[in-house]
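Subject: Structure handover

Hello,

Here is the structure I promised to pass on. My notes on what turned up follow below it.

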Amino acid sequence: MATASSLLEPLLHTYVPASRTDESLKNDLVSHCQEILKSHIGQKTETNFSQLTDLVKRRLLQLSPSGASASKFTNLVARLLDQPVLSRKQESILFLFALSSLNTRQPPTIQIPVLTTSFPSRRQVQQQSPNNISSLIGEDGASSASRLKEYRLLKGVSHMNESLLVRDTLYLMQGISGKYVRFSSLKDDEKNLVFGGNSKNSISPSTQALILRLAELGYLYSRVENFVRKRESAHGVGMIEQSLCHYLQIQLTEYYRLIAVLETHLSCTQRESADPPSSVNEETGLSLRRLDVWVTEWRLRMRMMSVCVEGARDSHGGALVNLIHSYTDNGDPFVRRFTDELLEEVSRPFFATLQKWLFSGELYDPFEEFFVTADSSHGHVPYVHPSSLPGGISQMSNEGVFGGFSGDAEDLSGHRENGQKLWETKYRFRKDMLPLFVGESFGRKIFSTGKSLNFIRYSCLDSDWVVTREKMSNTGGILEYGDIGGLERSIDTAYQVASHRLFEVFIEKFKLLDHLSALKQFLLLGHGDFADQLMEALGPSLARPANTLYRHNLTANLETAIRSSSALRDPVDVLRRLDARMLEYSHGEIGWDVFTLEYKVNPPIDTVLDLEAMEKYLKLFKHLWQMKRIEKTLDKGWMRVTGGAQKFIRMPELEFEWHKVRLVMAEMIHFIRQLEAYCRLEVIECSWKVLIDFLNKKEGDLDALIDCHRTYLDRIAKKILLWNSKPGKEEVLLRQLLDIFAFILQFREATDNFYNFCLTESARKDQEMDAERGLFTGTPKESDLASSQEHLAGILGRLNEYGSGFSERVLVLVQQLQIHPDLDCRFLGIRLSFSDYYKPRREQQPLQGPAKA
Amino acid sequence: MSTKESERNSSAQQTLDILYDISQLLNTQLDKATIATCVGMVENGVNPEALAAVIQELRREGAALSTQPPPNMG
């Protein structure tokens, strides 16, 4: 530094000429300059050369925007670098640059701080020219704060001692009014702080704000506490709410602990600071600010709790869990952790209920908080055992139709509904109560699982299995909120096990498959021989008026039909359920209209085979039975027109008429055979296969099973009854079909008449011929030839009418079938008109009633 | 020897010229002598920015003194 200081002198001389003469000034300046040199101005910025030149260039551009000087500078720097003399070129340039920037900064009078503060005063002191104000500052050294204090002292108003306020604040944080600061209103919802102070002391606004902040805790605290107290005293509080209160209580206890610790701290502080009064303990004491820092976390926690309390006011059970769950998606890890913790606690009763429901099918939910609710009208009452089902003997009463019938029907339907109703309405799913973390699909699964178990237990009387299952699954661990993955796994397994078991129970224990196939064999006339036998046995009596039929006759005939057919080999249980009965009839109906077979089902099978399904089966039976009847009638008629007519009747003049009858009848037989084949092969068996495939898979729950059976039945009903999906046209084809059936029956009657007429006629002719040969075979009847001719014409006319009517209607039917939306029905159309026989009239001009076998 | 000496001198002269040019460009208002002094100090390891501050300070001081009333000068 020696050289540096020696070099300083010329500089001094250059810039401060006065220093040449004034030694003290010179020394002063030199020492000052050396101070500056020793200081660390700018040493922090370690710049390299290129950065420096960049800076300089930028500066040059500022000075002269043309850019010429910048390029000149680059040139100069390059030349400088060539020079060997200087060892510290960068520093030299830096020096110039710094000086230059200082130079320009001068005008706005921003000066280097080191210089401004001390130098002038030093000089002024040295120059012995004191200024009033500066001397006051300099000599007194008091801050404005202290002066303010003095001013306040003067006025007689002073600030409160903070330690007193700290005590008050601690009270406030517990929702209690303090000595100086108190809550103004006693109402829960609105609390205002009143800063009292006393006559001498006031509380400064900043402290007030601080206390206000802290008092928020007290406000929140009293809300939460109120909530807990209220719930404690109230009864009928849900389990979830109870556990929420429990958690809140724990939190509040923690909070008390914090307050207690703070209080101890405060009293320690006060004892310490008692010796030097007035001064607050700086290092360890409790100040409002410290308090604020310490309770920051608690403030957040209290806010969360208060929000939960707010939410709990108008939501309930699962919805409350949902509400809390919605806060777990918070970005703040603190909030997330807090809600997770809370949820863990709050969801505990939910999971307890869930476990009970999922593994034992019991709903223990005294406060209706679970997302499954039980319909109280269907209690846990086990069923009446099948054997006690009342038989319908009074149904057959001839006269007292009203009394006996209605009572029994009601009773019966009441029982019938049970299985289905129970399954569908005993438990209901409440979506708004489902916790979000479970998810709706899982909720459905849970719902279905519990329902299945419950059903197995109470409706299928298989509680042993359920109990065993329950024990087994209990070892698997407890369900809780923290383990959603595990929860989903156990739900899945429980669901599979339960639904599988339900299938097993239905198929093995209750022989669902037997019942389904029995329904198919008997009600859908799958047993052809049985149907034939029954038709044969019942046929004659069914043609009589309905009121002459007796139930015991019907059942006897049914018995006969069963015995004489292969149906005998069916299980006894199935045959026992089969019954023949009559529907409600009105005047003028005959046996065909009212007869029906019936298949009785009891719980729990009636869950699948519900009342609605049974009605459909009956409807189908009626239709198929009628078809069968037509077929049988035509069969008999055919025997007559082929065998009988050719054998006994010798009337060559009517041979052509007979031929025509045979043609029409063949057409009818073709029609009915095709129709039957369609029903049997295309509809019933195909649908049956779908159903059986589903049953063999054993997937899904009871709902799926019910659905599957329902679709099976729907499909059959729609196709057999030729149901059209177009609105307003649903039953058009069925009506046409029934029309056709009626025509066939009428035609059949007409052929019978024709046959009888021919028989009489030929008998008369035989008699005449016998008489001619001199053989007396009976008194020749005086027959009126004219009237007999008229009779014949009438019969032939009717035959013609019915025959052509039939053909026309079939034509229309076929046409409509060909544009039917259902493919199978369209195929029936093709079947019926395979050789394009039934073509619109104009297309088949040349064809006139061609033969069709 | 003398040629080397003169070479050294001339290169020192050149360097000084260059630095002077740069200082002109940067508008530092230093004369050649001062530059020489300052560069010498920098070469001796003085913190260049502090030195700049010193120059600045001295200038201000000088200006202040020159505007002071004459009695101070005397």
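First, a term. On a 1 Å grid over the protein atoms alone, a cavity is a set of points where a 1.4 Å probe fits but cannot get out. A pocket is an open set with protein on both sides within 12 Å along at least five of seven lines. Lining residues have an atom within 4 Å of a point. Grid points are joined across faces, edges and corners, and a volume is the space filled by probe spheres set on the points.

Some ground rules. This is a predicted model: local features need pLDDT of at least 70, side-chain atom pairs count only at pLDDT 80 or more, and totals for chains, interfaces and linings use all residues. Residues are numbered from 1 along each chain as its sequence is written, chains are lettered from A and ligands numbered from 1 in the order written, and side-chain values use heavy atoms, with hydrogens and water left out.

Cavities
The structure holds eight cavities of 30 Å³ or more. α29(A) gives the most to it, five residues. Helices here are DSSP runs (H or I, at least four residues), numbered from the N terminus.

Pocket
The second largest pocket has a volume of about 480 Å³. It is lined by 17 residues. A:W592, A:R629, A:T633, A:K636 and A:R748 lie nearest its centre. α30(A) gives the most to this lining, with six residues. Eight of the lining residues are charged, six nonpolar and three polar.

Rings
Ring pairs link A:Y221, A:Y255, A:Y256 and A:W298 into a cluster (rings of Phe, Tyr and Trp, its six-membered ring, pair if their centres lie within 6.5 Å). A:R301 lies over the face of A:W298, 4.8 Å from the ring centre (NZ of Lys or CZ of Arg within 6 Å of the ring centre and within 35 degrees of the ring normal).

Interface
In all, 44 residues of chain B are in contact with 57 residues of chain A (heavy atoms within 4.5 Å). The area buried between them is about 4,900 Å² (accessible area, 1.4 Å probe, lost on being put together, summed over both). Carbon and sulfur atoms give 73% of it.

Best wishes

Technical notes. Helix = DSSP H or I, 4+ residues; strand = E, 2+ residues; numbered from the N terminus. Phe/Tyr/Trp six-rings, centres within 6.5 Å; stacked < 30°, edge-to-face > 60°. Buried area = accessible area lost by both parts, 1.4 Å probe. Nonpolar A, V, L, I, M, F, W, Y, C, P; charged D, E, K, R; others polar.
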